[in-house]
Amino acid sequence: MERIKKVLNAIVPARSVIPLLVAVTFNLTVYGGARAIAGGWPHHNIEGWLDRLIPFVPFTVGIYLGCYLFWIVNYILIARQGKREVCSFFAGDFLSRIVCFACYLIYPTTNTRPLVEAQGFWNQVVSALYAVDAADNLFPSIHCLVSWFCYIGLRGRKEIPAWYRAFSCVFALLVCLSTLTTKQHVIPDVIGGIFLAEICFYIGKRPKVWGTYEKILNRVNGFFHLEGEGSSWGQKRKS
């Protein structure tokens, strides 16, 4: 058991378990909660003429769905960073979901989905996606938001190989493109997701913001004894 604990701690430091769990749980709560509350409300279609020019490309649903693995890997890499970086990132991540929740309730949006032919593997995957994911909670796009967070959370981090940082940028852009070619989102959703990620990432770096997140995290980690050996997380932050 102790060996397993050491292996898991090598992947995700014990002190970063709570930020990861909160990020996942809050994301699901915002998405599901907004749908439960506003699912039956009038929705606005903000699709523009440029969106109608973008072709429907079924196979890009592979990128759209494959991004979940990308999210897992990059959020773990981000959670392995230092105390300040972890607190500032996840504080910004948390704030972004609050904004998303407000947007989904204040101005619910929808879009026009194409009729998908029954033949073809990728067509069937898209049809299954449409069946389980209603055309709501669109602006801003959480798919684009989280994918861009995956990139900017590693941007400029010298300990991460340059090729992977470049890959993260390219893949995040491909995810954004896939949301359009699968007709899951429209252009304003993509722009809104990227813009919101950048703004909240910047806000999260403010000392008062990440400092508040750190204080709360210290208490929670202390309660669950997740500070970790040699960690300064349980100590008071120097001013």
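Visitor: Where does Ile54 lie?

Guide: Quick caveat: this is a predicted model, where local features need pLDDT of at least 70, side-chain atom pairs count only at pLDDT 80 or more, and totals for chains, interfaces and linings use all residues. Residues are numbered from 1 along each chain as its sequence is written, while side-chain values use heavy atoms, with hydrogens and water left out. Elements are DSSP runs numbered from the N terminus (helices are H or I with at least four residues, strands E with at least two). On that numbering, Ile54 sits in the loop between α3 (49-53) and α4.

Visitor: Is Ile54 buried or exposed?

Guide: The cut-offs come first: under 20% relative accessible area is buried, over 50% is exposed and anything in between is partly exposed, with a 1.4 Å probe and protein chains only. Ile54 comes in at 18% relative accessibility, so it counts as buried.

Visitor: Which residues is Ile54 in contact with, leaving aside its neighbours within four places in sequence?

Guide: A contact here means heavy atoms within 4.5 Å. The contacts of Ile54 outside its sequence neighbourhood are Leu180, Thr181, Lys183 and Ile187.

Visitor: Lys183 turns up there. What is the phi of Lys183?

Guide: Lys183 belongs to the loop between α8 (162-181) and α9 (187-204). Its relative accessible area is 12%, so Lys183 is buried. Most residues other than glycine have a negative phi. Lys183 has a positive one, near 60°.

Visitor: How many residues of α7 are buried?

Guide: The cover over the buried residues of α7 includes α2, α4, α5, α8 and α9. Those buried residues include Ile142, His143, Trp148 and Tyr151. Helix α7 is largely enclosed by the rest of the structure, because its buried residues number eleven of eleven.

Visitor: Which element gives the most to the lining of the largest pocket?

Guide: A pocket is found on a 1 Å grid over the protein atoms alone, as an open set of points with protein on both sides within 12 Å along at least five of seven lines; lining residues have an atom within 4 Å of a point, and a cavity differs in that a 1.4 Å probe fits but cannot get out. This pocket holds about 690 Å³, and of its 32 lining residues Val24, Asn27, Leu28, Tyr68 and Trp71 are the closest to the centre. Two or more lining residues come from each of α2 (17-38), α4 (61-79) and α7 (142-152). With eight residues, the top contributor is α2.

Visitor: How many residues of that lining are nonpolar?

Guide: By class, Ala, Val, Leu, Ile, Met, Phe, Trp, Tyr, Cys and Pro are nonpolar, Asp, Glu, Lys and Arg are charged, and the others, Gly among them, are polar. The lining has four charged and eight polar residues, and the nonpolar ones number 20.

Visitor: How do α5 and α10 lie to each other: roughly parallel or roughly perpendicular?

Guide: Residues that meet across this pair include Phe90 and Leu95 in α5, and Trp210 and Tyr213 in α10. The axes of α5 (residues 83-106) and α10 (residues 207-223) are 8 Å apart, at an angle of about 100°. Angles of 65 to 115 degrees count as roughly perpendicular, under 35 as roughly parallel, over 145 as roughly antiparallel and the rest as oblique. The two helices are therefore roughly perpendicular.

Visitor: Last one: which residues does Pro108 touch, not counting those up to four places away in sequence?

Guide: Pro108 is in the loop between α5 and β2 (109-110), and it is buried, with 5% relative accessible area. Gly40, 68 residues away in sequence, has its C-alpha 10.0 Å from that of Pro108. The residues Pro108 touches are Ala38, Trp41, Pro42, His43, His44 and Cys103.

Terms used
Points joined across faces, edges and corners; volume = space filled by probe spheres on them. Axes fitted to C-alpha atoms, helices over the stretch in contact; angles between N-to-C directions.
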